[in-house]
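Visitor: I have a model open and a few things to ask about it. Can we go through it briefly?

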Amino acid sequence: MNHTKDRTQYPSTDAESLALIQPLNKGLGTMDRALMPSDIPKLGWQLLREDLSLPTAVLYEEKLAHNLQWMQAFASAYGAKLAPHGKTTMAPKLFMRQLKAGAWGITLATAPQTRVAYEHGVRRVLMANQLVGKQNMAIIGGLLEDAQFEYFCLVDSAEQVESLATFFGRRGQSLNVLVELGVDDGRTGVRNREQLHAVMTALSGCRERIVLCGVEVYEGLLKDEASIRTFLQNSVEVTRELARESQFDRTPIILSGAGSAWYDVVADVFSKAEIGQPIDVILRPGCYLTHDVGIYRTAQQQIQNRNPVARGIGSSLVPALQLWAYVQSVPEREKAIIALGKRDAAFDAGLPVPALHYRPGRPKPAAAPVAWTLTHIMDQHAYLRIAEGDDIHVGDMIGFDISHPCLTFDKWRHLPVLDSDYRVIDVVQTFF
């Protein structure tokens with residue numbers, strides 16, 4: 001399966017047209033027409049039979065379904081709502097699965113990402129970022145012409161509020177915003193009472209155009225639970241004060257936080273918040289859908305250890321994304337070269353980890369030897385350390401687990417979805 005990124009504009013017509021996927025090269029010639037998703041199972045493709053061109057990233061259906069159900073159960077146990085961060089996958093088909101599983105909306109980071117989601121049927125977006133710049137505002141303004149589209153962005157300065165009010169005022173539109181609270185030496189977000197006062201003063205002068213709907217935070221820049229809890233509790237207190245002053249123009253008031261590492265602490269603190277008015281607690285983890293065996297497995301293990309709700313749900317999140325590649329060369333006794341590289345996998349948070357080893361013609365994959373380790377990765381080659389005498393041949397297939405799904409997804413245009421027998425039952429398309 002060819003994963004070359006097609007940078008052309010996605011279709012912007014009906015949902016069926018948006019579902020079209022480009023012809024897929026399966027190593028036996030290119031299909032002569034575009035394929036509908038319903039066509040995929042009929043083709044009978046199977047990974048282990050070498051019906052796909054490797055390397056390829058794949059998703060596992062049963063594991064995706066498990067992770068969807070697990071996270072929805074977790075949020076529901078706290079009375080919270082999910083707005084999964086779509087930048088992780090930028091896969092509208094996965095967005096729609098998350099929404100159908102019960103998500104309140106989809107979180108995104110940019111105006112173009114928001115447009116992609118809208119064009120594929122998403123009608124509620126929390127853009128966990130500031131909306132800045134004429135063309136970005138124009139994108140959102142165009143989407144807001146649809147009365148069914150609900151959109152929120154963040155504000156953290158008087159200058160930004162005034163800029164938004166001017167732009168959307170000229171269009172005769174109103175814009176929903178959340179005030180963002182930040183931390184020293186962090187990213188965006190007001191740092192102190194003086195900055196907050198400036199933002200609130202600016203908002204008070206344009207309430208008919210800029211509608212304050214709640215408070216947003218990102219806790220992931222802090223590194224320990226105690227400091228995160230303090231930050232979250234301070235955020236609750238700010239929200240309570242603003243509610244007392246009748247600063248919000250939405251009921252329920254939105255109180256939102258949570259990346260993929262500390263969502264349990266956010267759920268615990270925010271679900272207990274008493275601000276004198278109804279609130280919607282919105283959690284925004286993104287990586288839970290595919291999970292990983294690196295930074296997010298470590299984070300999830302910590303969540304399981306400290307959070308009784310997570311332990312009570314049952315089996316935890318499971319990795320649902322793998323990369324399969326061929327052994328290309330075995331030039332040295334203790335080294336094999338794998339046809340996989342930086343163009344195919346995230347490498348910022350640890351190199352891919354050999355998980356499965358399969359020799360075409362055998363009944364099924366076996367667990368890769370624990371000692372097999374990637375030591376170096378180039379654009380399209382990876383160095384696999386093996387032991388002298390290991391049973392590894394050119395043409396063998398190796399399935400790699402990954403760390404940090406975000407930076408793996410953005411390297412792939414199409415990801416086949418496999419059932420438990422490695423049959424291709426669907427294809428997920430990304431729009432980066």
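Guide: Pro252 sits in the loop between α9 (225-244) and β8 (253-257); helices (H or I, at least four residues) and strands (E, at least two) are DSSP runs, numbered from the N terminus. This is a predicted model, where local features need pLDDT of at least 70, side-chain atom pairs count only at pLDDT 80 or more, and totals for chains, interfaces and linings use all residues. Residues are numbered from 1 along each chain as its sequence is written, and side-chain values use heavy atoms, with hydrogens and water left out.

Visitor: What kind of peptide bond joins Thr251 and Pro252?

Guide: A cis one, with omega about -5°. The bond from Leu54 to Pro55 is also cis, with omega near 5°, and Pro55 lies in the loop between α2 (40-43) and β1 (56-60).

Visitor: Now Ala258. Where does it lie?

Guide: In the loop between β8 and α10 (263-271). Ala258 has a positive phi of about 95° although it is not a glycine.

Visitor: Is Ala258 buried or exposed?

Guide: Buried, at 1% relative accessibility; buried means under 20% relative accessible area, exposed over 50%, partly exposed in between (1.4 Å probe, protein chains only).

Visitor: And Asp185, buried or exposed?

Guide: Exposed, at 83% relative accessibility. Asp185 is not a glycine, yet has a positive phi of about 65°. Its place is in the loop between β6 (175-181) and α8 (193-204).
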